Amino acid sequence: MRFLILSDLHANFEALTAVLADAENKYDTVVCCGDLVGYNPDPSAIVEWCAGHCDHVVRGNHDKVVAGIDDLEWFNPVAQISAHWTTDQLSPEQLTYLRDLPRGPVLLEHFEFFHGTPFDEDEYVLSQKVAEQSLSALQMPLSFFGHTHVQGGFFRQHRRLGAIEAVQPEEREYAIQLEPDLLYMINPGSVGQPRDGDPRAAYALYDVEARLVTLHRVEYPIATTYRKLKSAGLPDALGLRLFNGQ
Ligand SMILES: [Fe+2]
């Protein structure tokens, strides 16, 4: 069994298209760690694709706000503008799809996955302390998560915490050979709005039989997304950040 692991697509159609071309014929099942919408100009196309192709999805914080589950008060002004605009773009059926997405963690046969942490779908794993707490809360040895838009993650061997790095800028992939008795939390990175300094779209593949997770980066036509974002009337800052991956 081979999984395509996606997170934080954020309505970026060009980025998703590049990821799917890059990963073609390399997976059997699609898993999404949340944040299908928000920020970028193609929420309808991304929701339709996920509804038709993702086998397992958890909700992200943007999905909750756009679907009316959470209110906007924790969003910064730019994200609020984007959330209002996104809600207006989606059909009642698409909003229902977002509203019905499950809260993580979701446990599958070979791993679990969630948006933020195993104990709080909205919390960011950006510090060693939260990473330790999250690893202690895992119900399975392998997990995937998103929310931070930072590719990589953490592992724990006995009591030692280790970091998993993102794909290097000059590389296109990075392989993680899973070892027995270790705990893993792996972030595939963000498809649609990377924030780890690398503007390329990010994703991961997991081959269960080979016990191999590979992190990937792929270029996409950011200028096209930027033009669409501008003509939709979305804030310029949301487009500019795509170019530097911040
Ligand atoms: Fe996100």
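Buried means under 20% relative accessible area and exposed means over 50%, with partly exposed in between, using a 1.4 Å probe and protein chains only. With that in hand, look at H10, which is buried at 0% relative accessibility. The model shown here is predicted, so local features need pLDDT of at least 70, side-chain atom pairs count only at pLDDT 80 or more, and totals for chains, interfaces and linings use all residues. Residues are numbered from 1 along each chain as its sequence is written, and side-chain values use heavy atoms, with hydrogens and water left out.

**View 1. The iron ion and its donors.** Four residues coordinate the iron ion: D8 (OD), H10 (NE2), D35 (OD) and H149 (NE2), at 2.1 to 2.2 Å. Donors are N, O and S atoms within 2.8 Å of the metal (3.2 Å for Na, K and Ca); water is not among the atoms, so sites may look incomplete. Along the chain, the donors follow the spacing D-x1-H-x24-D-x113-H. The 4 donor atoms subtend angles of 85 to 179° around the iron ion, and therefore the arrangement is irregular. To see what that word excludes: four donors count as tetrahedral if all angles lie between 85 and 135 degrees; four count as square planar and six as octahedral if opposite donors are over 155 degrees apart and all others between 65 and 115; anything else is irregular.

View 2. H10 is found in the loop between strand 1 and helix 1; helices (H or I, at least four residues) and strands (E, at least two) are DSSP runs, numbered from the N terminus. Contact means heavy atoms within 4.5 Å. Not counting residues up to four places away in sequence, H10 touches D35, L36, V37, G38, Y39, N40, H62 and H149. N40 is 30 residues apart from H10 along the chain, with 6.0 Å between their C-alpha atoms. A polar atom of the H10 side chain also lies 3.4 Å from the backbone oxygen of G38.

**View 3. Helix 1 and its cover.** Helix 1 (residues 13-22) has 7 of its 10 residues buried, so it is largely enclosed by the rest of the structure. Which residues of helix 1 are buried? They are E14, A15, L16, A18, V19, L20 and D22. Their cover includes strand 1 (2-6), helix 2 (43-53), strand 11 (201-207), strand 12 (212-218) and helix 7 (222-231).

View 4. H115 lies in the loop between strand 5 (112-113) and helix 6 (128-137), and is buried with a relative accessible area of 1%. A polar contact is a pair of N or O atoms within 3.5 Å; within protein, one must be able to donate a hydrogen and the other to accept it, and residues adjacent in sequence count only if both atoms are side-chain atoms. The side chains of H115 and D35 are joined by a polar contact of 3.4 Å. The H115 side chain also reaches the backbone oxygen of C33 at 2.7 Å. Leaving out residues up to four places away in sequence, H115 touches residues including D8, V58, R59, N61, E121 and H147.

**View 5. Two histidines with positive phi.** H147 is in the loop between strand 6 (142-144) and strand 7 (152-157). Although H147 is not a glycine, its phi is positive, at about 80°. Is H147 buried or exposed? At 2% relative accessibility, H147 counts as buried. H149 is in the loop between strand 6 and strand 7, and its phi is near 65°, a positive value in a residue other than glycine.

**View 6. A cis peptide bond.** The peptide bond from G104 to P105 is cis, with omega near 0°. P105 is placed in the loop between helix 5 (92-99) and strand 4 (106-107).
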